[in-house]
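I set out to look up a few local features of this structure, one topic at a time. My notes follow in the order in which I took them.

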Amino acid sequence: SAALTALFCYFLVELIKKIFNKNFDKKNFEGVMLIFYKYLKLCKMQIFFLLGILLHFTSLTGAPIPGTTQTFSPNSSAGFSLDISANGYAGIIWRNGSNHYVSVFNPNLGTWSTPFIYTTNGSSVQANAAKILIDDNGNATISYVIGININTIRSNIVTNPSGNVWSSVVQVPYPTGFTNTGSVLGYDISIDKTSGNLTVIWTERESFGFNQVYVFLSFGTSAGSWLPANTYALQSGLSSGTSFDLFSSNMDRSGNFVVNWKTISTANVNQVVGTWNTGPFTIRTMAAPAGASITYSTLEALMGFNNQYTLCRDSLGAVFVISNTQPPSGTPVTLETGTIDAAGVATSTANYVFTLNNNTSQLSYYIDTGSGFGSPTLIDNGASFANLNAAATPSGGVLVVWNNAGALYFSYKTPYTSAFSSPGTQIGTATANVQIPNTALCDASQGLGVIGWRLSTTNTINAIPLTQVFGAP
């Protein structure tokens, strides 16, 4: 193919350069190139030779290149989930009525697969809370809740890019001896991108007696099974005075996990930290800042590069972080007030928190490289921010997406730069109807990403791939 020929020419040029540096003068080197070019000309391949030379002498440091926008319709719910593997295969799931759909992006073809219905049981409210997670090798896990159970199915989207072959349903088990008669009220799930292992946290309320409410933790294997012997009841209470919400789960690439949840009657945050399927775990309750609302809009458990930290935003718009290691450990640090949304990510060398603030009309980010979060840095100004989301890679690439006045924007930071692109780059031309943007990012090649969003006017889910997010060093 043209691509393979160009790649061959690129490496051939590199080889000849090494020979030239040792044994050739410039004249002889040019002679070798001329002979090789004439040979390719005879084979009608000179254009590929020139392309190989261009690949060598040209630095691909420009902005990420958006692909073709794919529209999935119709969509009866606002929620969707997406993720991407290390080799650029991506998956997106959403719901329409009782049907739940999945589509797979094939980076070799640049196309999305025909949407496949993976379940038709969408009668439960929690059925909308479906998630897809994909490890580096393309092993994808879809999780969704039907009544009393968290269901999971699995497929490798690299070997099955059509997206229509999935395993049978495997239910996340309850602790041994526990009789489940209630319903799942909320959950979150995370993945170790390297091993493919999973961590899930959820809350369940019994439907008999005193309506006892529980918080559970369980671990899944990369093969798709779950470990019932290591399912833990973390906390419980009576639903008349105790209930839990805003569950968040996060894992790094070494099997370490952190999960958070909140008791709705207080502003405090509960946390468990540990290593996948290896106890004992650290369980702690962390206090919120004085004056914080007991109602939260954001609660993110994040595996920082040097610690675990929790990102919170209360209903009053205050954004604060609680670190487990930075002094004073466990003390909440307020970053900003008056925000309307916040998101956090981590690379192997830094933690990032992004904030949207309509009081200041700014999208900003805070960075922590080991000594705490400093002052905010401006990315963009806006008149009417709404939502944002972000993704990061261990190597240092970060991608943040947001909507302003209903239009979709993104900004990026490569592993080779310290600053984010500013101002933001708009995706498409739609205005006044973009909702809940989301993104995923991987280290493959020069950085591959995918961005998804919902258009409220057409009730459609949309997705677009990005290439060359990192440019070139």
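**Entry 1: an open sheet**

I began with an open sheet of 4 strands, whose order is β8-β9-β10-β11 and whose pairing is antiparallel. Which strands stand at the edges? They are β8 (131-134) and β11 (170-171); each has a single partner strand, so one side of each is left without a neighbour in the sheet. I note that the model is predicted.

I then looked up the pairing of β9 with β10. Strand β9 covers residues 139-146 and strand β10 residues 149-156; the two run antiparallel and are joined by 8 bridges. For one residue I recorded the partner: Val145 has Ile150 in β10 as its bridge partner. As background, strands of a sheet pair through backbone hydrogen bonds, either parallel or antiparallel.

**Entry 2: the cavity**

How many cavities of 30 Å³ or more does the structure hold? I found 1. The volume of the largest cavity is about 30 Å³.

I listed the residues that line the largest cavity: Asp135, Asn139, Thr141, Arg154, Ile191, Gly196, Thr221 and Ser222. By class, this lining divides into 5 polar, 2 charged and 1 nonpolar. Two of my topics meet here, as Asn139 belongs to the lining and residues 139-146 make up β9. Likewise, Arg154 is a lining residue, and β10 spans residues 149-156.

Is strand β22 enclosed or exposed? Of the 5 residues of β22 (residues 319-323), 5 are buried, so the strand is largely enclosed by the rest of the structure. I checked both faces and found each covered. Val319, Val321 and Ser323 are buried on one side, and Phe320 and Ile322 are buried on the other.

Strand β21 (residues 308-314) runs antiparallel to β22, and 5 bridges join the two. Within this pairing, Thr310 has Ile322 in β22 as its bridge partner. β21 and β22 form a hairpin with 4 residues between them, and Gly317 in the turn has a positive phi of about 95°.

β22 also pairs with strand β23 (residues 332-336), in the antiparallel sense and over 4 bridges. There I noted Val321 opposite Val333 in β23.

**Entry 3: aromatic rings and charges**

A pair of aromatic rings is described by the distance of the centres and the angle of the planes. I recorded 23 aromatic pairs in the structure. Why does the pair of Trp402 and Tyr409 count as stacked? The ring centres of Trp402 and Tyr409 are 6.0 Å apart and the planes stand at 15°, so the pair is stacked; the cut-off for stacking is an angle under 30 degrees.

I looked up the accessibility of both partners. Trp402 is buried, at 0% relative accessibility. Tyr409 is also buried, with a relative accessible area of 18%; the limit for this class is under 20%.

Elsewhere, ring pairs link Phe72, Trp94, Tyr101, Phe105 and Trp112 into a cluster.

I also noted charges over rings. Lys131 has its charged end over the ring of Tyr187, 4.2 Å from the centre. Lys262 lies over the face of Tyr296, at 4.9 Å from the ring centre.

**Entry 4: backbone exceptions**

Most residues other than glycine have a negative phi, and most peptide bonds are trans. I looked for departures from both.

The peptide bond from Gly279 to Pro280 is cis, with omega near 0°; Pro280 is placed in strand β19 (residues 278-286). Another cis peptide bond joins Ser422 and Pro423, with omega about 0°. Pro423 is found in the loop between β30 and β31 (425-427).

Ile436 is not a glycine, yet its phi is positive, about 35°. This residue is in strand β32 (residues 434-442), and at 31% relative accessibility Ile436 counts as partly exposed. Asn459 likewise has a positive phi, near 55°. I placed Asn459 in the loop between β33 (448-455) and β34 (460-467), and at 33% relative accessibility Asn459 is partly exposed.

**Entry 5: Phe410**

Lastly I looked up Phe410, in strand β30 (residues 407-413). Phe410 is buried, at 1% relative accessibility.

Terms used. Residues are numbered from 1 along each chain as its sequence is written. This is a predicted model: local features need pLDDT of at least 70, side-chain atom pairs count only at pLDDT 80 or more; totals for chains, interfaces and linings use all residues. Side-chain values use heavy atoms; hydrogens and water are left out. On a 1 Å grid over the protein atoms alone, a cavity is a set of points where a 1.4 Å probe fits but cannot get out, and a pocket is an open set with protein on both sides within 12 Å along at least five of seven lines; lining residues have an atom within 4 Å of a point. Grid points are joined across faces, edges and corners, and a volume is the space filled by probe spheres set on the points. Ala, Val, Leu, Ile, Met, Phe, Trp, Tyr, Cys and Pro count as nonpolar, Asp, Glu, Lys and Arg as charged, and the others, Gly among them, as polar. Rings of Phe, Tyr and Trp (its six-membered ring) pair if their centres lie within 6.5 Å; planes under 30 degrees apart count as stacked, over 60 as edge-to-face and the rest as tilted. Buried means under 20% relative accessible area, exposed over 50%, partly exposed in between (1.4 Å probe, protein chains only). A charge sits over a ring if NZ of Lys or CZ of Arg is within 6 Å of the ring centre and within 35 degrees of the ring normal. Two strands pair if DSSP finds at least two bridges between them.
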